[in-house]
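This report describes selected features of one protein chain.

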Amino acid sequence: MPLAQPAAPTRLCFAVLGPLAGEADGRPLALGPLKQRLVLAVLLSRANTAVPVDLLTDAVWPEEPPRTARKNLQVYICTLRTLLGREDRPDRLVHSAGGYLLRAAEPELDLLRFRALARAGRAAADGGALAPAARLLRQALDLWQGPPLADLRCSPAVETEAERLEARCLGVHEDWAETELELGNAAAVAEELAELAERHPLRERLQAARMNALHLSGRQAEALAVYDTHRQLLARELGLEPSPALTARYRELLARGHARTTAARPERGASPTGALLPADTADFTGRTDELRDLIDELGEGSGRVAVLSGPAGSGKTALAVHAGHLLADRFPDGRVLVRLRTEDGTARPLPEVLAELAALTGRPGPAPSGAAPAGPGPTGSRPGDTAQAAALWRASLAGRRLLLVLDDAPGEAVVRELLPGFGPSAVLVTSRSQLAGLASVRRVAVPPLAPAEALDLLGRIVGTGRIGTDRAAAARIVAACGLLPLAVRVAGTRLAVLRHLPLAEYAARLEDPAGALDELVAGDVTVRSRLDAGWRDLTDQGRLGLARLAALPLALLFTLPEAAAALGRPERLALRTLEALTDTGAVTSPTGEVTAHAALYALPRLTHLHARERAADAAGAPALG
């Protein structure tokens with residue numbers, strides 16, 4: 001008797017660019033009750049990215065989650081695993097340190113196809129292939145089947161995700177319109193943008209495209225009316241004027257100057273602000289996945305906010321600066337970095353940050369108490385002045401496409417004041433904490449480098465020839481550095497100066513727990529100073545908890561019961577300590593088990609060594625509360 005043939009694998013297909021829908025082998029899928037569909041909607045809208053449990057909880061229970069919320073959420077996840085065919089793809093829906101991650105391929109999700117087509121269209125436009133670009137962008141827009149997730153917007157969290165998707169669609173519409181205008185298809189653009197521009201009257205790029213389309217279609221009076229209506233709305237709602245570029249275009253049309261045959265696409269490098277970023281790191285290496293996430297997220301503009309989080313020395317700032325340089329063509333109004341701490345790690349006051357932004361961008365800044373408004377300054381500002389200046393800063397971003405990098409954020413409060421409420425600008429925040437209090441942001445964890453990446457970085461600094469003489473010792477060096485970019489860079493700089501020092505001898509020094517941090521010094525750059533700053537950020541309870549965990553063996557994973565024993569606390573209270581330390585990057589969870597009791601935890605090597613140094617101070621501190 002012949003053996004039965006195994007059933008063909010189920011082909012899944014999901015849609016979020018319209019009502020939530022799913023198919024298996026062409027047949028509609030029953031996606032379950034409302035709460036389960038809310039979970040699936042959020043997971044799909046952030047496919048291939050870990051979604052924090054708190055965000056999923058907020059999506060299902062926007063008011064007050066029940067005490068059983070986490071357990072109920074696990075039930076929904078279990079049911080979704082069955083729906084998604086977990087037996088065939090055990091890695092389809094998994095739990096990780098950052099939350100739940102649903103893996104999907106491009107053919108399986110309309111959002112991924114949309115993003116791929118949009119990227120391809122923009123790349124073709126940048127390369128001068130306008131006709132293929134317009135076709136690809138049109139194909140991306142044709143995937144939309146109405147307002148995204150329209151059937152689930154009863155949940156504020158899903159509503160926020162849907163608004164993010166709509167903003168991304170608007171950006172692609174603007175790209176398509178500008179490309180078609182360059183091809184001479186003004187009439188089609190004017191027709192399509194009419195309703196869209198009315199629904200989004202504050203999007204200056206959209207209004208500019210419509211104005212150009214009407215002008216190039218011979219509808220001069222309507223083109224001028226678009227500008228006038230936009231100008232009045234900006235003045236009435238925000239107290240602002242249109243951008244200089246749009247005003248100049250209006251004056252050109254008003255004077256009935258020579259009609260241009262192309263749209264007013266901003267020229268690269270011609271923005272008023274330009275690049276106010278530090279120089280890119282010449283030996284930047286690795287971070288391929290993180291860069292892809294940032295380019296996908298921030299390249300869409302439209303109010304996008306991303307948070308890079310990770311422990312001290314993980315290379316967050318270098319990654320943010322590198323991404324900012326790669327995104328130059330997406331932000332014609334400039335890219336600006338402002339640091340939210342002083343050199344000693346103290347949080348900078350909001351008026352001081354606003355004054356710096358005012359100086360960098362020419363926008364209004366806070367005035368000192370008793371001074372004329374023309375003299376912005378960081379000291380003596382009244383609370384009302386600061387609030388007004390923050391509001392003016394946010395309003396000034398409307399209609400402008402600027403990338404703001406907020407570096408080393410100490411917490412959510414200052415960041416909230418600087419985020420644009422709407423408009424095409426985007427914000428990239430770096431912080432040791434995950435800034436859990438910020439809603440509707442894309443969180444990208446910045447872990448240690450992969451061993452091969454760390455070796456590559458070390459080789460770029462000391463020379464690949466020297467690394468090749470003793471590759472095993474070089475591998476020991478980067479491992480002793482905890483694979484942290486800062487530590488690897490400091491070690492490499494030290495080796496570049498001490499040319500006589502054998503790699504094996506330096507590896508042995510770094511592997512000695514008693515002296516490792518003393519070896520990671522290069523001039524005025526020290527790893528210990530960065531770890532000190534992270535230590536100061538912890539609460540008293542957090543510092544004491546980390547000092548007690550430092551008594552555990554180096555480089556070994558530990559469980560919740562082992563942590564509870566080290567902390568001298570019941571497991572439920574120890575779990576709170578671990579979660580708080582995980583948020584700061586002081587503790588990691590490299591495995592992806594679903595429950596806290598099954599999870600394994602770790603202390604990064606250099607954090608572990610630093611906490612041991614501080615353990616003597618913690619010994620006389622009060623007991624954990």
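In this predicted model, strand S2, which spans residues 21-24, is joined to S3 by two bridges, and the two strands run antiparallel. One of the pairings in S3 is that of arginine 27, the bridge partner of alanine 24. S2 is also joined to S1, here by four bridges and again in antiparallel fashion. Cysteine 13 has glutamate 23 in S2 as its bridge partner.

The two pairings are set out below.

| Strand pair | Bridges | Direction | Bridge partners, among them |
|---|---|---|---|
| S1 and S2 | four | antiparallel | cysteine 13 and glutamate 23 |
| S2 and S3 | two | antiparallel | alanine 24 and arginine 27 |

Together the three strands make an open sheet with antiparallel pairing, in the order S1-S2-S3. Strand S1 (12-15) and strand S3 (27-28) are at the edges; each has a single partner strand, so one side of each has no neighbour in the sheet. Strands of a sheet pair through backbone hydrogen bonds, in either parallel or antiparallel fashion. The hairpin of S1 and S2 has five residues between the strands, and glycine 18 in this hairpin adopts a positive phi near 150°.

The next feature is a helix contact. Helix H8 (residues 204-216) packs against helix H10 (residues 244-254) with their axes 11 Å apart and at an angle of about 15°. Angles under 35 degrees count as roughly parallel, and H8 and H10 are therefore roughly parallel to each other. Their crossing is left-handed. On the H8 side the contact involves Glu204, Ala208, Met211, Asn212 and His215, which meet Leu246, Arg249, Tyr250 and Leu253 in H10. By type, the residues of this contact are five nonpolar, two polar and two charged.

Is arginine 330 buried or exposed? Its relative accessibility is 13%, and the cut-off for buried is under 20%, so arginine 330 counts as buried. Leaving aside residues up to four places away in sequence, arginine 330 touches Arg122, Asp175, Arg205, Gly299 and Arg401.

For the chain as a whole, there are 26 helices and 15 strands. Of the 625 residues in the protein chain, 51% are buried. Among contacts with a separation of 6 or more, 67% are between residues 24 or more positions apart.

Notes
Residues numbered from 1 in each chain as written. Predicted model: local features only at pLDDT ≥ 70, side-chain atom pairs only at ≥ 80, totals over all residues. Heavy atoms only, no water. Pairing = 2+ DSSP bridges. Axes fitted to C-alpha atoms, helices over the stretch in contact; angles between N-to-C directions. Parallel < 35°, antiparallel > 145°, perpendicular 65-115°, else oblique. Left-handed = near helix turned anticlockwise from the far one by under 90°. Contact = heavy atoms within 4.5 Å. Nonpolar A, V, L, I, M, F, W, Y, C, P; charged D, E, K, R; others polar. Buried < 20%, exposed > 50% of the residue type's maximum accessible area, 1.4 Å probe, protein only.
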